[in-house]
Amino acid sequence: MSGGTQGNRFAAAVIGASAGGVRALQIVLGALPAQCGLAICIVSHQVPKSKSYLVDLLADGLELPVRVPDEKEEIAAGNVYVAPPNYHMLIEVDRTVSFSIDLPIHFSRPSIDVLFKSAADAYGAELVGVILTGANGDGSLGLKRIAECGGMTVVQDPETAEAGEMPRAALAATPVDHVLTLEGIGGLLAGLSKSTW
Amino acid sequence: MEESERIEIQLLLEAIFRKYGYDFRNYSQASIKRRIEHRLSMSGLDSISTMQHALLYDAAFMDSLLLDFSTNVTEMFRDPSFYLALRQKVVPLLREYPFIRIWHAGCATGEEVYSMAILLREEGLLKRARIYATDFNEVVLDKAREGVYSLEQMKEYTTNYQKAGGNEPFSNYYTARYDSAIIDPSLREGILFSDHNLVTDGVFGEMHLIFCRNVLIYFDRELQNRALCLFSDSLCDGGLLCLGSRESLRFSSCSGDFEDLAREEKIYRKFMQGDGGDVGRNAGE
């Protein structure tokens, strides 16, 4: 359980969202400071064949840089990385990005489970996993793995989610540290992201 | 990842290499781990170390793992915009050659090989082209040779084909039988399927076009570099290299051998040596 002092225990947050995800992500990311001590990695389910507008939608009005990472790029704090359509995004143990075209999980590629499980291996207790609104069960196994590796788990309150199924599936799969509104999640991540600078 | 687990995975890959000669030691770990976990849960074995024992003493178990380690996910005219660029920017260059040699490295079950053959036929080039389609996995290569795919997928492939600039009825290229689509065997005449391993095998002839998409993403940087230099060495001057949409030459030691032909679609052209090269280089910048 590395992670150093109390102040900088967390290095990265992974966020998974599906139906209703764009608006939810905008609210959560909007709460983060411009100097963010966390790296943020996002999987949001999209129509696989469509050109991705997700990066543009999320970057709009945000000071943090948002982009699809390069393959094998090193993950760095203060950046928001978005999985591209039609690829799974994984984090290697040396904290670089990999992509794969392996079969979709829960009909989804990128899959939240794939990102979360690999990130749990890479970051252990230094990781925060966040499940937002969505209408399927993707992400719950990944969140469980994050909990098992000592990371922090956060789920959007299903009552406040545009689609409650994904948060509910996550809550059923694993003990969760925080169940919050979108504003609450934004505030929590903002607090965690301040300490490292 | 726990240290013990990482050691188990490394030992498993070492055992595969020493017993069977397939070298996955420089594959991206995160994907390899997913595939090992998948086989572990399918097999009912209780640990990666037990799997190691199983694969050493049971070649059939190794065969199933080998299939897991191959990337068997592909489609016809995958990324239509890429095939459109192939038609618009690459085909005119290929026309210059009296005979066209194409290497499709990591062809998996062959869907993209037949896509290329269709495109070449429509452009009147198939008769003077030879496509060398390679993969390290014989099981997958056999499927590619057969050219029999699920009929259900043809609807999606037809859409891809049309977006890629295809104007023929796509059903001209296959025969439906029960729930299968049998690819027109005459497309196969110019294709030679054979065994080649990008990790351990060497240069593959003098090619005009090398096609290797969504294979390098499974390699670490070192192995990517090996493969890319192998491609550079296997291309003639002015030859073309097509990579997957998330792949790039940028970090390889042979990136200086190439210029962008279609940047967004990851199509590169190898510089000419000597005078022609300087012209090409200046024009590219």
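How many bridges join β1(A) to strand β7 (residues 127-131) of chain A? The legends below answer this. The model is predicted: local features need pLDDT of at least 70, side-chain atom pairs count only at pLDDT 80 or more, and totals for chains, interfaces and linings use all residues. Residues are numbered from 1 along each chain as its sequence is written, while chains are lettered from A and ligands numbered from 1 in the order in which they are written.

**View 1. Strand β1(A) and its partners.** β1(A) and β7(A) run parallel, joined by 5 bridges. Here A13(A) stands opposite V128(A). β1(A) also pairs with strand β2 (residues 39-44) of chain A, in the parallel sense, over 6 bridges. Strands (E, at least two residues) and helices (H or I, at least four) are DSSP runs, numbered from the N terminus. Two strands pair if DSSP finds at least two bridges between them.

**View 2. The enclosed strand β1(A).** Strand β1 (residues 12-17) of chain A has 6 of its 6 residues buried, so it is largely enclosed by the rest of the structure. Buried means that 20 or more other C-beta atoms, placed from the backbone, lie within 10 Å of the residue's own. A12(A), V14(A) and G16(A) point one way. A13(A), I15(A) and A17(A) point the other way.

**View 3. Helix α4(B).** In helix α4 (residues 59-69) of chain B, L65(B), L66(B) and F69(B) are buried. They cover an arc of only 105° around the axis, which puts them on the same side of α4(B). The arc is taken from the directions from the helix axis to the C-beta atoms.

Key
A residue is buried if 20 or more other C-beta atoms lie within 10 Å of its own, exposed if 12 or fewer, and partly exposed in between; C-beta atoms are placed from the backbone.
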